[in-house]
Amino acid sequence: MSGLESLYQELILDHAKNRRGFGLAEPGAHSATVHQRNPICGDEITLRVDVEGDRVASVTWEGAGCSISQSSASMLVALLQEDGGAEGMAKTDVEALITQFREALRSRGKIPLDEETFADAAALSGVSKYTARVKCAMLAWVALEEGLREA
């Protein structure tokens, strides 16, 4: 295993153990709660997104499953918190991130996730080579996409 692969594995395990955004916040005036399940491996997530105007104010979640699904949800929340700051990230920017993430994970390793754009979530690039694991990594992102439509 290369040094970079080892670092990525450590990031995934860290986020799976120290889950950012874990625990559902109280629903706000413009929030949506979405439940997604991966029937292939049993991963489940309940995600709550709170939208204020055109900004994603907060994302929290609860779930159970493999390290990839849990770390992906944690990485998603960490990314939104880091890039959005106290005001939250623009809804259109979040939607663009989801689209880019999906495209990279469906590329079978041909499109890597950019570290500057995706921060720790770039560690999930290697998942795209394992089609059975793509749904695990996408679960939280799909839940957020659905939540943005409902909020």
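Predicted model: local features only at pLDDT ≥ 70, side-chain atom pairs only at ≥ 80, totals over all residues.

Biologist: What makes α2 largely enclosed by the rest of the structure?

Modeller: The count of buried residues. In α2, 14 of the 18 residues are buried, so the helix is largely enclosed. Helix α2 (residues 67–84) lies across β2, β3 and β4. It runs at about 160 degrees to β3.

Biologist: How do you know that the length of α2 agrees with what it should span?

Modeller: At 1.5 Å a residue, its 18 residues should span 26 Å. The end C-alpha atoms are 25 Å apart, so the two agree. After α2 comes Gly85, with a positive phi near 60 degrees.

Biologist: Why do β1 and β4 count as standing at the edges?

Modeller: Take the order of the open sheet: β1-β2-β3-β4, with antiparallel pairing. β1 (31–37) and β4 (89–90) each have a single partner strand, so one side of each is left without a neighbour in the sheet.

Biologist: How do you know that β1 and β2 pair?

Modeller: Pairing needs at least two bridges. Between β1 and β2 (residues 44–52) there are 7, and the strands run antiparallel. As one example, Ala32 has Val49 in β2 as its bridge partner.

Biologist: How many aromatic pairs are there?

Modeller: The count is 4. One of them is Phe22 with Trp61, at 5.0 Å centre to centre and 85 degrees between the planes.

Biologist: Why is the pair of Phe22 and Trp61 called edge-to-face?

Modeller: Planes over 60 degrees apart count as edge-to-face, so an angle of 85 degrees qualifies. The pair links distant parts of the chain, 39 residues apart: Phe22 is in the loop between α1 and β1, Trp61 in strand β3.

Biologist: Are these two residues buried or exposed?

Modeller: Phe22 has 36% relative accessible area, so it is partly exposed. Trp61 has 1%, so it is buried. The charged end of Arg19 also sits over the ring of Phe22, 3.8 Å from its centre.

Biologist: What makes the pair of Phe101 and Phe118 tilted?

Modeller: Its planes are 45 degrees apart, between the 30 and 60 degree limits, so it counts as tilted. The centres are 6.1 Å apart. Phe101 is in helix α3 and Phe118 in helix α4. Phe101 is at 0% and is buried. Phe118, at 3%, is buried too. With Trp141 they form one aromatic cluster.

Key
Residues numbered from 1 in each chain as written. Heavy atoms only, no water. Helix = DSSP H or I, 4+ residues; strand = E, 2+ residues; numbered from the N terminus. Contact = heavy atoms within 4.5 Å. Axes fitted to C-alpha atoms, helices over the stretch in contact; angles between N-to-C directions. Expected span 1.5 Å × (residues − 1). Buried < 20%, exposed > 50% of the residue type's maximum accessible area, 1.4 Å probe, protein only. Phe/Tyr/Trp six-rings, centres within 6.5 Å; stacked < 30°, edge-to-face > 60°. Lys NZ or Arg CZ within 6 Å of the ring centre and 35° of its normal.
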